[in-house]
Amino acid sequence: MTRRIFVWLTSALTLLVFALANTVFQPALAGWRTDLSEGRQFSLSEGTKSTLETLAEPVELTFVYSRRVGQEYPAVRSYADRVRELLRAFKSVGGRNIRLIESDPAPFSEDEDEALAFGITAIRTDGNDPLYFGLIGRNTVDDELVIPFLAPEREATLEYDLTRLIARLDDPEPATVGIITDLQNFKGDGQENGYYALQEIARSYRIQPIGVTFASIPDDVDVLLLAHAANLSEYQQYLIDQFILDKGRALIFVDPASKAAAVGGEIGTDGAARSDLGALSDAWGIELSD
């Protein structure tokens, strides 16, 4: 065998081994990802992973992006790459339960008609063609949720927004959060005015305000939220304790000197600037600092 033939045979054999290895190992390694980005921006939180790994049924996500128009705006182009990579990370964890589609609506096309029908915002640009940059989510029972425009200024909450959309599609019936509070701005259904946190809660859950004079906790409450409930009676504390023993889900904010109450003029003659757990402190083994 001549040297030239030997080199050719060796090269061909190397290529064959590489192709076979790629074919064999690619399916097994498809879900493996290494995040080398600054701040590990493509690494998903444990909450997101839990949501994706426990999906009951498949969710379809359509990323609507006018690629040609977006290329003219570096900030949009960069953010589109970020969205695309994050969606791929979701797919990597969710597997068969996450179906990704990317739509590039051309003017006067069926894709553009569909994007507009779903409520994707058409952003006017310096050119003649609009920019579409949003997300459509659908589940197997035809429920639909849409992010009309993926605003770059919300990049810090992008993973949260996508996870919330998927969670709501997986379980369209939102949980009910019962809220007990002495803070005036934290009362209401969260649809308008009030604390930003309350408005965010209302985006994903049903809010059930519970007056401070409550004598029972509604049966449909799934999660109890106490925000500076300053004057709970012994019986009300008993009801809260029984709720937690029964359902085990409560988020409680207490404050030895609430600035929000003071600024809002909500300090009564009974010293409502302070809230604590009362008799529950001993029952639960928790002590509020002075």
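Rings of Phe, Tyr and Trp (its six-membered ring) count as a pair if their centres lie within 6.5 Å, and the pair is called stacked when the planes are under 30 degrees apart, edge-to-face when they are over 60, and tilted for the rest. The model is a predicted one, in which local features need pLDDT of at least 70 and side-chain atom pairs count only at pLDDT 80 or more, while totals for chains, interfaces and linings use all residues. Residues are numbered from 1 along each chain as its sequence is written, and side-chain values use heavy atoms, with hydrogens and water left out.

The structure holds six aromatic pairs. In one of them, the ring centres of Tyr65 and Phe133 are 5.4 Å apart and the planes stand at 55 degrees, so this pair is tilted. Because Tyr65 lies in strand 1 and Phe133 in strand 4, the pair ties together parts that are 68 residues apart in sequence; here helices (H or I, at least four residues) and strands (E, at least two) are DSSP runs, numbered from the N terminus. Tyr79 and Phe133 also form a pair, this one edge-to-face, with 5.8 Å from centre to centre and 85 degrees between the planes. Since Tyr79 belongs to helix 4 and Phe133 to strand 4, that pair ties together parts 54 residues apart in sequence. Phe63, Tyr65, Tyr79, Phe133 and Phe149 form one aromatic cluster.

Are Tyr79 and Phe133 buried or exposed? Both Tyr79 and Phe133 are buried, a word that means under 20% relative accessible area, with exposed meaning over 50% and partly exposed lying in between (1.4 Å probe, protein chains only). Tyr65 is buried too, with a relative accessible area of 1%, and Phe133 has 0%.

In soluble globular proteins, nonpolar side chains tend to be buried together. A nonpolar core is a set of buried Ala, Val, Leu, Ile, Met, Phe, Trp, Tyr and Cys residues joined through side-chain atoms within 4.5 Å. The largest such core has 27 residues, and those touching the most other members are Leu61, Phe63, Val83, Phe133, Leu150, Leu162 and Ile166. Two or more residues each come from strand 1 (59-65), helix 4 (74-94), strand 4 (131-139) and helix 6 (158-170), and helix 4 gives the largest share, eight residues. A second, separate core of 14 residues includes Ile180, Leu224, Leu232 and Phe243.

Over the whole chain there are 10 helices and nine strands, and 35% of the 290 residues count as buried.
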